[in-house]
Amino acid sequence: MANVAVIGAQWGDEGKGKVVDWLASRADVVVRFQGGHNAGHTLVVGSQTYKLSLLPSGVVRGKLGVIGNGVVLDPEHLLSEIEKVGAQGLRVTPENLRIAENVPLILPLHPALDKAREAARGEGKIGTTGRGIGPAYEDKVARRAVRLCDLAEPEVLSRKLDELLLHHNTLLKGLGAETFEKQALLDRLLELAPKLLPFAEPVWERLDEAARSGKRVLFEGAQAVMLDVDHGTYPYVTSSNTVAGNAAAGAGVGPGRIGYVLGIAKAYATRVGSGPFPTELFDDTGKLLGERGHEFGTVTGRPRRCGWFDAAMVRQAVKVGGVDGLVLTKLDVLDGLPKLRICTGYRVAGETMKRLPAGVAAQAAAEPIFEDMEGWSGSTRGARSYAELPAEAVKYIRRIEELVEAPVVLLSTSPERDDTIVLRDPFVG
């Protein structure tokens, strides 16, 4: 049986939570390999709704969850999330959650710098969540990050804080923000150490053992390909690589262990925050999509911008993300619309393109080229087979497959876990 990597194929918020939950019930280990608590998955299990930002979705299904070294970890948020799900009856312990010992930590100075920078950008702000993700990744690359393993070595931790504060306090002071005192940070980290270190281990060894014993591993991505720091709509992107190729580096496995790559896309398009969005709707249809789809960010609560399905963008995500098959979610949101539109390409400065250009000005100027399709009058909500879908809905799905050059292997027709049409089992490969 193959392992499976799940990534977003748009700008995030595609409904990965439900899909990952469905897959997690059939996996043995679920691994988060990038991002931080700027991402969120909503899982509906019976009468309980779990909103996870850091915890791998597998813990909800009683499976082993792993937070890989490619994640940036906020210790305070992690412990708060563990406490929150604990109040819902879900116990998270070192028995069902393991964290890479070399995972970089998000400290209070990171969100402070994040917010100060966004404020300084004014109208040119990127639209970050303000949770310190970017500054934490910067420290990792600059080789000054505090990592989870450092909490076991107070002298090393103290020296690292000296270097961090020299850098960050200089920036914070220049931006007119409050600076940080070393002793308060050191004391708090040493206080957290006994709560966090029991979860720490070289997870690459555990994942190697899982692979050798034939266990199914699910690699759980956050955000989406078009928010990838290299391949997305830069600079309006996240601070990590969201493509499936990063699952190997972010978890500590070889690239051959990633397995089948499943891309998640909505049957329309949404985006949170700033940045180009060629198919965005500013009319009543856009408002309707937002209302029907309950389009508010899981982490931020910000309303999502809504628009027509962008097949040119998803095709691009399929190619650079290494997507083998697509999951199409929220098909039911389109029920009853008389006309649907699919973007098949763009016009940029008089040139026709089938991809989003890399340049910021060119991206902002990209005009969508639309293909119109008939909508359907029947309902797709809750459908569990193709036979239950209106004929026009099937045509819409087939056209998307042609345009993005990837098969739709799963369809989600409601937030409920079992309202899923399975055309191919990703774990079979």
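Biologist: In which helix does Q363 lie?

Modeller: This is a predicted model, in which local features need pLDDT of at least 70, side-chain atom pairs count only at pLDDT 80 or more, and totals for chains, interfaces and linings use all residues. Residues are numbered from 1 along each chain as its sequence is written, while side-chain values use heavy atoms, with hydrogens and water left out. Helices are DSSP runs of H or I with at least four residues, strands are runs of E with at least two, and both are numbered from the N terminus. Q363 belongs to residues 360-365, which form helix 11.

Biologist: Is Q363 buried or exposed?

Modeller: With a 1.4 Å probe and protein chains only, a residue under 20% relative accessible area is buried, one over 50% is exposed, and one in between is partly exposed. Because the relative accessible area of Q363 is 4%, this residue counts as buried.

Biologist: How many residues apart in sequence are the parts that the pair of W11 and F277 ties together?

Modeller: Rings of Phe, Tyr and Trp (its six-membered ring) pair if their centres lie within 6.5 Å, with planes under 30 degrees apart called stacked, over 60 edge-to-face and the rest tilted. W11 and F277 are edge-to-face, at 5.2 Å centre to centre and 65° between the planes. W11 lies in the loop between strand 1 and helix 1 and F277 in the loop between strand 10 and helix 9, so the separation in sequence is 266 residues.

Biologist: What relative accessibility does W11 have?

Modeller: F277, its partner in the edge-to-face pair, counts as buried at 8% relative accessibility. W11 also counts as buried, and its relative accessibility is 3%.
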